[in-house]
Amino acid sequence: MSTRVEQLLRQRFTFHCENAEVYGSEFAALWRSTADHALGGKLVRPRLLLDIHRALVSDAAPEPSIAAVDVATHIELLHYAFLLHDDVIDGDLTRRKRPNLIGELAATAPGATEEDSLHWARSSAILMGDLLLSAAIMGFARADVPQSVRVRLLDLVEQTILETVAGEHTDVALSHGIIASDVATVLTMSVYKTATYSFSLPLRAAALLAGSSESAEGTLNTVGRHLGLAYQLQDDLLCVFGDHRKHGKDAFSDLREGKETAIIAFARSTSAWAQIAPRFGRPDLSMDDATAIRDLLQECGAEGFVVSLIGEQLDAVYALLSDAEAAGEISSDAARSILVSASQLEGRQA
């Protein structure tokens, strides 16, 4: 199934790259670079949609429908559009264990100064993010589904984009002290920023395309929020306590950027914060200082607190699926597919 998504993604990028030629070599090269960075991901979201869709369809065929593959593909485009904007906001220059689009463009752009090249690269990422966001929405609108399903799908996508942007907006506000940081606010932000589009959207879209009941869709929405929050919390742990050579992001980038994660929100309530605060959020944070912060976060219990939060989210998923299966809302196959995704979150390294 992932092969079909990869093929369709390549077709979409080939189409856009060819169309870009008329607007000049620089613009065409930008599309080609974007395609190179967008392709080759883990396809977590498309896989989730297609796995659940296949399990939800009572007369499941060996291959997913064209509409399901199409929608899954455009969810991946939406994901990469968000990543481009996120890298600009966070100032990241690496992703997937290599320079991201911004890092590559900045290194190869013939700017008069390094700052000129970086501005060119970030501007290019913003513009490409806008274009991919537009392409994704048009893809959802053109899906070969009944009109009633199309309307509900577009409503879902609109709400998803709204919540994701709201979450990102809160994330930036937290990082700059515009909104006071506490665990509850950080967790709500994480649900909006990550869970809504990465898990709830694929699960709800699968239910829509499979003709499931609104009750089943509602349950899958809640399941997706818990799964997505667990995923984001695990991501936060990896950035501070994980091996950057495996997860592919800048080492300790969250600490350098002053990201208000659940780890930091907990640490703020402990005596260790007095030692962490002077170094937290410094762009020139050294590896020695970052390592010292990491050790303090372990000692004050912040790491253990977030690990327990992840466990709580996964326990909620198990309970919801058990109840939904017992009530006949979703099939045992669908429940098992989601449980496989949940199990992969525990202890992931990338």
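Below are my entries on helix packing, salt bridges and one leucine.

**Ground rules.** I am working from a predicted model, where local features need pLDDT of at least 70, side-chain atom pairs count only at pLDDT 80 or more, and totals for chains, interfaces and linings use all residues. Residues are numbered from 1 along each chain as its sequence is written, and side-chain values use heavy atoms, with hydrogens and water left out.

I took helices (H or I, at least four residues) and strands (E, at least two) as DSSP runs, numbered from the N terminus. Two packed helices are described by the angle between their axes and the distance between the axes. My axes are lines fitted to C-alpha atoms, for helices over the stretch in contact, with angles from 0 to 180 degrees between N-to-C directions. Helix α7 covers residues 147-175 and helix α8 residues 183-210; their axes come within 8 Å and cross at roughly 165°. That makes α7 roughly antiparallel to α8 (angles over 145 degrees count as roughly antiparallel, under 35 as roughly parallel, 65 to 115 as roughly perpendicular and the rest as oblique). I noted the crossing of α7 and α8 as left-handed, meaning the near helix is turned anticlockwise from the far one by less than a right angle; clockwise would be right-handed. I sorted the residues of this α7 and α8 contact into 13 nonpolar, six polar and six charged. For those classes, Ala, Val, Leu, Ile, Met, Phe, Trp, Tyr, Cys and Pro are nonpolar, Asp, Glu, Lys and Arg are charged, and the others, Gly among them, are polar.

I then looked up helix α3 (residues 44-56) and helix α4 (residues 66-90), whose axes come within 8 Å and cross at roughly 155°. That makes α3 roughly antiparallel to α4, and the crossing is right-handed. On the α3 side, R45, P46, L49, L50 and H53 make the contact; on the α4 side, A68, V69, V71, A72, I75, E76 and H79 do (contact means heavy atoms within 4.5 Å). By class I get eight nonpolar, two polar and two charged residues for α3 with α4.

Side chains of opposite charge can pair when their charged atoms come close. My rule was a side-chain nitrogen of Lys or Arg within 4 Å of a carboxyl oxygen of Asp or Glu, and the count comes to 17 salt bridges.

- E21 and R32 meet at 3.2 Å, N to O. E21 sits in the loop between α1 (2-20) and α2 (25-38), and R32 is in helix α2, eleven residues apart.
- D36 pairs with R98, the closest N and O atoms being 3.1 Å apart. D36 lies in helix α2 and R98 in strand β2 (residues 98-99), so this pair ties together parts 62 residues apart in sequence.
- E163 and R225 meet at 3.0 Å, N to O. I place E163 in helix α7 and R225 in helix α9 (residues 214-241).
- D86, D90, E168, D171, K193 and K259 are linked in a network of salt bridges.

E163 counts as buried at 12%, while its partner R225 is partly exposed at 24%. D36 is partly exposed at 41%, and R98 is partly exposed at 32%. L127, in helix α6 (residues 114-141), counts as exposed at 52%.

Notes. Buried < 20%, exposed > 50% of the residue type's maximum accessible area, 1.4 Å probe, protein only.
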